[in-house]
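Open the model in your viewer and keep the selection tool ready. Each stop below tells you what to select and what is there.

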There are 2 protein chains.
Amino acid sequence: MAGTDRSRGTRAHASDVLAPVVVLVEPQLGENIGTAARAMLNFGLTEMRLVRPRDGWPSEKALSASSGAVEVIEGARLFETTAEAVADLETVYATTARPRDMIKTVLTPAEAGTEIGRRGREDVRCGVLFGPERFGLSNDDVALADAIIAFPCNPAFASFNLAMAVLVIGYEWFKQADHTPERELVQGRTRPATKDELIGFFEHLERELDACGFLRVVEKRPSMVRNIRNIFQRAELTEQEVRTLRGIVAGLATHPRRPQSPQSPENGGKGAD
Amino acid sequence: MAGTDRSRGTRAHASDVLAPVVVLVEPQLGENIGTAARAMLNFGLTEMRLVRPRDGWPSEKALSASSGAVEVIEGARLFETTAEAVADLETVYATTARPRDMIKTVLTPAEAGTEIGRRGREDVRCGVLFGPERFGLSNDDVALADAIIAFPCNPAFASFNLAMAVLVIGYEWFKQADHTPERELVQGRTRPATKDELIGFFEHLERELDACGFLRVVEKRPSMVRNIRNIFQRAELTEQEVRTLRGIVAGLATHPRRPQSPQSPENGGKGAD
């Protein structure tokens with residue numbers, strides 16, 4: 001999806017906290033390293049470490065697949081062993097799909113994101129280990145970690161793409177510090193209509209519906225009015241939209257095709273019960 | 001990551017609810033359709049719809065990139081317009097990165113996942129629209145949707161891979177119905193140690209530390225004992241681990257290298273304050 005605004009600083013909201021390091025252990029395909037780098041930068045992660053990438057390093061394929069996440073690829077550091085790659089870190093997480101026969105705390109990605117965020121604010125250096133595409137982390141690498149992160153997923157199709165696993169961790173880490181409201185009505189330069197404006201519109205509409213005969217059945221009128229009002233109440237209208245609707249009503253009401261008698265039965269109370 | 005267990009049914013926990021349909025509008029690369037299918041199936045989504053895929057359909061590249069998500073690829077349906085692709089759906093969401101000049105509810109992926117889950121349980125048919133890789137959805141396609149889903153991400157690098165966007169939605173949808181505990185100590189076939197076992201170990205260790213002279217400074221002994229006990233309390237030991245630790249203590253205490261005098265100063269209370 002488009003939408004990058006390069007004038008805004010990388011690392012977003014998280015610039016005041018330590019971001020986790022992403023450690024790819026024996027990644028097999030340069031392309032996956034590149035897409036992982038892109039996923040990292042999508043969520044403001046910039047520090048990648050590589051343990052024995054199978055196809056060598058640097059990798060043209062990684063650079064090209066990163067779709068512009070050049071700073072992550074060019075800043076990636078190479079290590080011979082996982083132990084060396086995590087040596088300066090204080091808390092290490094191992095991502096796994098398979099359950100391991102190991103006595104270790106297992107976290108969801110969401111809980112891990114929250115914990116890594118909290119530790120980052122306390123200046124604790126965290127890292128997350130990701131295993132080779134085909135096999136996942138070895139048990140020895142998992143044993144280097146303080147906790148396991150297990151991905152909730154379809155047990156019948158649990159084979160995650162490497163970059164997808166990186167993305168979920170980056171996403172959950174970014175999310176814990178993100179203050180975007182869960183739900184928001186975006187209204188641009190307008191504002192929500194006041195109840196006064198809304199009622200003004202209702203009365204305008206009902207006057208015209210009375211005039212055209214739509215509301216002529218007296219005993220049904222109160223419930224029809226309520227139903228119509230509810231439709232527009234639900235729409236969370238803006239001030240601008242109320243003016244638009246009043247224009248629509250006025251336009252329809254004065255339309256040349258209106259010579260029909262107001263009492264004409266074809267015009268009757270359809271669809272408003 | 002490895003770990004697929006094909007003996008367990010697809011759709012996982014969600015089989016009793018309607019899953020959302022994934023609608024890819026004018027996807028450009030067959031490969032991205034394939035990786036999107038894989039991401040879908042990772043979270044038990046199986047229904048894909050394609051609006052005018054640029055490189056034609058069926059696509060060998062899509063099938064190969066799906067890494068085995070064949071049921072998604074082979075079941076994908078083709079449409080000429082977005083309106084036709086969503087015609088039978090009741091609630092439609094449009095994913096966007098860029099803010100749009102449109103008065104519409106904007107949801108986070110988490111909130112959307114929760115909402116789609118709730119609607120699915122009420123048998124409401126939901127769909128999520130994803131735009132072409134390079135441009136995102138057109139404003140006309142966004143206008144077909146009931147709400148927008150916007151991804152929280154690094155504003156300086158907001159260009160999401162198509163499959164990654166699909167993954168985030170699938171992940172959040174799956175998560176809302178997933179009851180995995182946020183944090184769990186996996187203990188295999190053993191069980192947490194009882195306090196009695198733990199205290200038995202403490203007393204064993206302290207007897208040996210008394211014997212070897214490590215706790216010989218009388219005024220420091222109470223705080224040293226507390227500090228040592230705290231180390232092992234924090235470790236959430238299992239019954240098996242307590243036995244292992246008792247074996248370690250017994251082993252060290254009877255080690256041949258122990259001829260040193262219990263009162264020897266080199267042996268004194270280091271590191272336990």
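Start on β8(B): there, B:Arg183 is the bridge partner of A:Leu107. Strand β5 of chain A (residues 104-107) and β8(B) run antiparallel, joined by four bridges. Helices (H or I, at least four residues) and strands (E, at least two) are DSSP runs, numbered from the N terminus.

This is a predicted model: local features need pLDDT of at least 70, side-chain atom pairs count only at pLDDT 80 or more, and totals for chains, interfaces and linings use all residues. Residues are numbered from 1 along each chain as its sequence is written, chains are lettered from A and ligands numbered from 1 in the order written, and side-chain values use heavy atoms, without hydrogens and water.

Now select the whole sheet. It is open, with eight strands and mixed pairing, in the order β3(A)-β2(A)-β1(A)-β6(A)-β4(A)-β7(A)-β5(A)-β8(B). Its edge strands, β3 (77-79) of chain A and β8 (183-186) of chain B, each pair on one side only; pairing takes at least two DSSP bridges between two strands.

Next, helix α5 (residues 109-121) of chain A. Its partner is helix α7 (residues 162-176) of chain A, at about 55° with the axes 8 Å apart. Axes are lines fitted to C-alpha atoms, for helices over the stretch in contact, and angles run from 0 to 180 degrees between N-to-C directions. Show the contact (heavy atoms within 4.5 Å): the α5(A) side includes A:Ile116 and A:Arg121, and the α7(A) side includes A:Trp173.

Last, chain B. Helices α8 (residues 195-212) and α10 (residues 239-253) pack at about 10°, axes 10 Å apart.
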